[in-house]
Amino acid sequence: MSDKTAIITGANTGLGFECARALLESDPGWHVVLAVRDAERGADAAERLGSPGRVTVSELDLASLRSVHDFAGRLPRLDVPPVTALVCNAGLQMVAGSQATADGYEMTFGVNHLGHFALVQHLLERLATPARIVVVSSGTHDPDKFTGMPAPRYTTADDLLSPPPGGLTGEEGRRRYTTSKLCNLLFSYELDRRLGHGARGITVNAFDPGLMPGSGLARDYSGVQRMAWRLFMPALRILPNVNSPRRSGANLAALVAGPDLDGVTGAYFEGSRRIRSSRDSYDGAKAADLWQVSERLVSAVG
């Protein structure tokens, strides 16, 4: 019988789906909430997971702070076991245009960071301790690693709220993505500090799943780019830190449930290895700026 719940954002496909699968297969005590933008696709994912009575689908659009607020408000009515894990996994990469969230913020920043920041703020007091929060980042946040992506550029959080004049180009769109992944690290470490490094019974860690051919991050690419991604990227699986979604999902599930990680907090994992993140990710001034701006934006919604 299930006695604990993990909430996973973006869990209808890819990394989030595989994390849910691994949790359900690892321990019959887990119940999983698939927090997804499209409830119909979420229902299909729940059916594919094949664990009747242990999977709940609830609508969550991270591009709307109101939707995040409403998701948190529905949680007590979902009739699920106590929530002991929150996996901030959903993400996107925009490479063209000027798409904005429902609240008017640049979409990459709004979904990859701000929506998850709001979700954590709304759910912190509802977590049953001991609890774990895992934030999915990316090795692309680190300019010292060769990833083929432009280095992140974090000046202030306010500078990330709007797309550049004229909209995103491919280069700037990918830079906005790597910067959002740096924001994930800044947020994780600042949250851990504010929670007393585990003193409140909640640990916070960040995760790099590696490059995952078959993930949905290339969905906004051009037709030629998407074809190259589909045909060429699977051949890179022989390289370090290039993983299938299933393998990375199992690694992510281990961060959520592994007994060897009891009490481990404020850490960054590349797959199953604990490593140092980029120099900028430990910048306390940047983390404080990001927190203050994010808190202001979220509190304006209520």
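Student: Which residues does Ser294 touch, not counting residues up to four places away in sequence?

Tutor: In this predicted model, Ser294 touches His113, Leu114 and Phe117 once residues up to four places away in sequence are left out. With His113 there is also a polar contact, made side chain to side chain at 2.7 Å. Ser294 itself lies in helix H8, which covers residues 284-299.

Student: How far apart are Ser294 and Gly110, in sequence and in space?

Tutor: They are separated by 184 residues in sequence, yet their C-alpha atoms lie 9.8 Å apart in space. For the protein as a whole, residues 24 or more positions apart account for 77% of the contacts with a separation of 6 or more.

Student: Is Ser294 buried or exposed?

Tutor: The reasoning rests on a cut-off, since buried means under 20% relative accessible area. Ser294 has 1% relative accessibility and therefore counts as buried, and 56% of the 302 residues of the protein are placed in that class.

Student: Which residues of H5 and H8 meet?

Tutor: From H5, the residues include Cys183, Leu186, Phe187 and Glu190, and on the H8 side they include Gly284, Ala287, Leu290 and Trp291.

Student: Turning to strands, which way do the side chains of strand E7 point?

Tutor: In E7 (residues 267-270), Ala267 and Phe269 point one way while Tyr268 and Glu270 point the other way, and all of them are buried.

Student: What are the pairing partners of E7, and in which sense does each run, parallel or antiparallel?

Tutor: Strand E6 (residues 202-208) runs parallel to E7 and is joined to it by 4 bridges, with Asn205 having Ala267 as its bridge partner. Strand E8 (residues 273-275) pairs with E7 in the antiparallel sense over 3 bridges, and there the bridge partner of Tyr268 is Ile275.

Student: What is found between the strands in the hairpin of E7 and E8?

Tutor: That hairpin has 2 residues between its strands, and Gly271 takes a positive phi near 65°.

Methods
Residues numbered from 1 in each chain as written. Predicted model: local features only at pLDDT ≥ 70, side-chain atom pairs only at ≥ 80, totals over all residues. Heavy atoms only, no water. Buried < 20%, exposed > 50% of the residue type's maximum accessible area, 1.4 Å probe, protein only. Contact = heavy atoms within 4.5 Å. Polar contact = N/O pair within 3.5 Å; in protein donor to acceptor, adjacent residues only side chain to side chain. Pairing = 2+ DSSP bridges.
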